[in-house]
Amino acid sequence: VEVKSRSSELDGRWIKDQIRKASDQVKQSGADEQGAVELQLRGDDAARAPFDAIERQVKAAFNDARGTRLNRVTVFKDGVKVGEWRRLPDGSVERVFPP
Amino acid sequence: MMAATTWRSKSGLIMFHLAMPSRGQPVASIRLATNVFLEAVKIIGVAREVEVSTRSGGEGAHEWSDVIDGPQIAQRLEAYPDITAVLIRCDLHCEDRDASRLAIPSGMTFWVQLVEVDSHPDAPLEMNVTLDADVYVAKSWGDDRDNRDLAQRNAPAFNRFLANLLRDTGATVESVSAEDYRGQVDATGIVLPALGARL
């Protein structure tokens, strides 16, 4: 599991680019299996990010065409899970939290 | 006795998030960005692997490690009219304290891609330069955090590389992610401390 954290205000790219990088990192590890990434937003500035903005970036980078080495993306705000998306057997991605 | 390292390697230490105008020709612009990057990177290292994603073949549909030359890659890219992304993994070639070459395998990753696989042709492209080593910053996270010597020797070359990439692609820096290196990285690249300044 790749873990990335941020404490400054969320911009329009951080989540997308961390997912892209994590997917490549899993590929580089040589493992045949898929991996997961946990994105930690820490502190008031980062945790202020609205859920819609978070999900928009996750969906752009983790879908049936992108982030294909990942099977799970989870986003936390100060240690509390605020969103989780999983890859299904058919390759599509579904949000599992919040339901 | 072995000297403590003054820098470390780790995935995604410093990220430059760039945006490049596509001018209504996103595939041609991806090819241009790839070509420009392969020329610019010679200042600081060498491309090791090129991964191409296409709409028809999906993510990482084609991967080459046998050619690192810009014109050759450009020629190969011509065969794919539905490119959605190109990712390039690079080794860094730095100057060590004794002026010898310090090679850092897999020290940098670059990609250029459509914002979405089905983006509007006029939508800007996303580019990213990620450093997987903190050899360029003066205050690193190595065993010994004082990396001023290597930073002074090598950061100017990285900044030239970044400036050339921006100039020749027309890209701009949207933002920089360098949480662990506050005050040491900005949109122009690596910010070195004044000579004699305390870390």
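Predicted model: local features only at pLDDT ≥ 70, side-chain atom pairs only at ≥ 80, totals over all residues.
**Entry 1: a helix pair in chain B**

I looked up helix α1 (residues 26-40) and helix α3 (residues 148-169) of chain B. They pack at an angle of about 155 degrees, and their axes are 9 Å apart. α1(B) and α3(B) are therefore roughly antiparallel to each other. The crossing of α1(B) past α3(B) is right-handed. Next I listed the contact residues. α1(B) brings B:L32, B:A33, B:V36, B:F37 and B:A40, while α3(B) brings B:F161, B:N164, B:L165, B:D168 and B:T169. I sorted this contact by class and found seven nonpolar, two polar and one charged residues.

**Entry 2: nonpolar cores**

I then turned to the cores. The largest nonpolar core holds 54 residues. B:F37, B:M108, B:Y136, B:F158 and B:F161 have the most contacts inside it. Several elements of chain B each supply at least two residues of this core, including α1, β4 (83-95), β5 (101-113) and α3. α3(B) gives the most, with eight residues. I also noted a second, separate core of 20 residues, with A:V37, A:A46, A:V58 and A:L70 among them.

**Entry 3: B:S22**

My last stop was B:S22, in the loop between β1 and α1 of chain B. Is B:S22 buried or exposed? Its relative accessibility is 1%, so B:S22 counts as buried. I set aside neighbours within four places in sequence and checked its contacts. B:S22 touches B:S29, B:P121, B:D122, B:A123, B:P124 and B:L125. I also checked B:V129, which is 107 residues from B:S22 in sequence and 18 Å away in space, C-alpha to C-alpha.

Key: Residues numbered from 1 in each chain as written. Chains lettered and ligands numbered in written order. Heavy atoms only, no water. Axes fitted to C-alpha atoms, helices over the stretch in contact; angles between N-to-C directions. Helix = DSSP H or I, 4+ residues; strand = E, 2+ residues; numbered from the N terminus. Parallel < 35°, antiparallel > 145°, perpendicular 65-115°, else oblique. Left-handed = near helix turned anticlockwise from the far one by under 90°. Contact = heavy atoms within 4.5 Å. Nonpolar A, V, L, I, M, F, W, Y, C, P; charged D, E, K, R; others polar. Core = buried A, V, L, I, M, F, W, Y, C linked by side-chain atoms within 4.5 Å. Buried < 20%, exposed > 50% of the residue type's maximum accessible area, 1.4 Å probe, protein only.
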